[in-house]
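Trainee: Before we discuss particular features, may I see the sequence and the structure? I should then like to go through them step by step.

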Amino acid sequence: MTLLHSVLPWAIGAVALAMLLALWRLLRGPTLSDRILSLDTLYVNAIALLILVGMRFSTTLFFEAALIIAMLGFVGTVALSKYLMRGDIIE
Amino acid sequence: MNAALLLDWLLSALVIIGAFFTLVGSIGLAKLSDLLKRLHGPTKASTLGVGCVLIASMIYFAATGEPSAHELLISLFLFMTAPVAAHLLIKGAIRGEPELAPPDPPQSEPPAPDVKHR
């Protein structure tokens with residue numbers, strides 16, 4: 001797996017750059033929907049980053065963390081969208 | 001070309017494709033001009049990007065001798081929830097500012113006369 005281990009740092013760098021771009025949109029985004037969308041993108045990119053780091057260090061430890069980020073990210077996006085729709089989360 | 005080398009190349013290609021599409025999705029999110037256009041970018045990241053990375057991880061850990069079903073679980077969950085989240089997000093955004101909704105498609109010709117069902 002020599003080629004894979006020389007490719008993985010570049011892939012991790014690309015995903016980190018993607019997270020930085022999403023962070024820029026999160027800080028700048030003109031409307032609230034833009035910020036929610038970039039938070040959702042940050043969750044997805046964090047999952048990809050965790051999987052890549054797990055492959056880099058040959059450990060399966062990060063999968064549970066990625067699974068929890070996937071679940072809580074969905075719940076967070078739905079709650080924020082509900083706030084956007086109704087102005088309240090729990091009615 | 002033996003099997004280990006082929007596996008190495010396959011995994012590297014999957015990882016590169018996944019990272020590339022993740023980056024493209026975020027560039028789209030940062031650079032496009034409109035909320036509806038911006039929504040289009042990250043969907044590539046969440047399907048092609050994370051999908052390729054998860055497939056690569058699944059093959060890698062199956063090849064190194066500790067296969068796990070976690071990646072399958074993550075990808076299933078992600079592919080089921082991403083459309084729901086995007087739908088709710090845009091619904092909320094359109095509720096907030098109705099001018100965001102795209103215009104109705106033009107009615108080019110009058111509706112066809114009813115055909116009698118036999």
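**Reading contacts, confidence and packing**

Mentor: Let us begin with one residue. Residues up to four places away in sequence set aside, A:Ile89 touches A:Ala79, A:Lys82 and A:Tyr83. A:Ile89 lies in the segment after α3 of chain A.

Trainee: Does A:Ile89 count as buried or exposed, and why?

Mentor: The general idea is to count C-beta neighbours: 20 or more within 10 Å make a residue buried, and 12 or fewer make it exposed. A:Ile89 has 11 such neighbours inside 10 Å and therefore counts as exposed.

Trainee: How should confidence be read here?

Mentor: This is a predicted model. Where pLDDT is low, the predicted coordinates should not be read in detail. Chain B has an average pLDDT of 85, and 92% of its residues score at least 70. In chain B, helix α1 (residues 3–31) has the highest confidence, with a mean of 91, while helix α3 (residues 70–96) has the lowest, at 88. For the complex, the predictor gives an ipTM of 0.88 and a pTM of 0.86.

Trainee: How many residues of each chain take part in the contact between chain A and chain B?

Mentor: In general, the size of an interface is often given as the accessible area lost when the parts come together. Here we may count residues instead: 44 residues of chain A are in contact with 47 residues of chain B. On the side of chain A that touches chain B, α1 (2–28), α2 (32–56) and α3 (62–86) each supply at least two residues. The largest share, 15 residues, comes from α2(A). By class, that side of chain A has 30 nonpolar, eleven polar and three charged residues.

Trainee: At what angle do α2(A) and α3(B) pack?

Mentor: The axes of α2(A) and α3(B) are 10 Å apart, at an angle of about 175 degrees. The two helices are therefore roughly antiparallel to each other. On α2(A) the contact is made by A:Ser33, A:Ile36, A:Leu37, A:Asp40 and A:Ile47, and on α3(B) by B:Ile74, B:Ala85, B:Leu89, B:Gly92 and B:Ala93. Seven of these residues are nonpolar, two polar and one charged.

Trainee: How are α1(A) and α2(A) oriented to each other?

Mentor: The axes of α1(A) and α2(A) cross at roughly 165 degrees and come within 9 Å. This pair is therefore roughly antiparallel as well, and the crossing is left-handed. The contact of α1(A) with α2(A) comprises 17 nonpolar, three polar and four charged residues.

Trainee: Where is B:Ser68 found, and which residues does B:Ser68 contact?

Mentor: B:Ser68 belongs to the loop between α2 (35–63) and α3 of chain B. Its 13 C-beta neighbours inside 10 Å make B:Ser68 partly exposed. Apart from neighbours within four places in sequence, B:Ser68 is in contact with A:Thr60, A:Phe63 and B:Phe61. The C-alpha atoms of B:Ser68 and B:Ser57, eleven residues apart along the chain, are separated by 9.6 Å.

How values were computed:
Residues numbered from 1 in each chain as written. Chains lettered and ligands numbered in written order. Predicted model: local features only at pLDDT ≥ 70, side-chain atom pairs only at ≥ 80, totals over all residues. pLDDT = per-residue confidence, 0-100. Helix = DSSP H or I, 4+ residues; strand = E, 2+ residues; numbered from the N terminus. Contact = placed C-beta atoms within 7 Å. Nonpolar A, V, L, I, M, F, W, Y, C, P; charged D, E, K, R; others polar. Axes fitted to C-alpha atoms, helices over the stretch in contact; angles between N-to-C directions. Parallel < 35°, antiparallel > 145°, perpendicular 65-115°, else oblique. Left-handed = near helix turned anticlockwise from the far one by under 90°.
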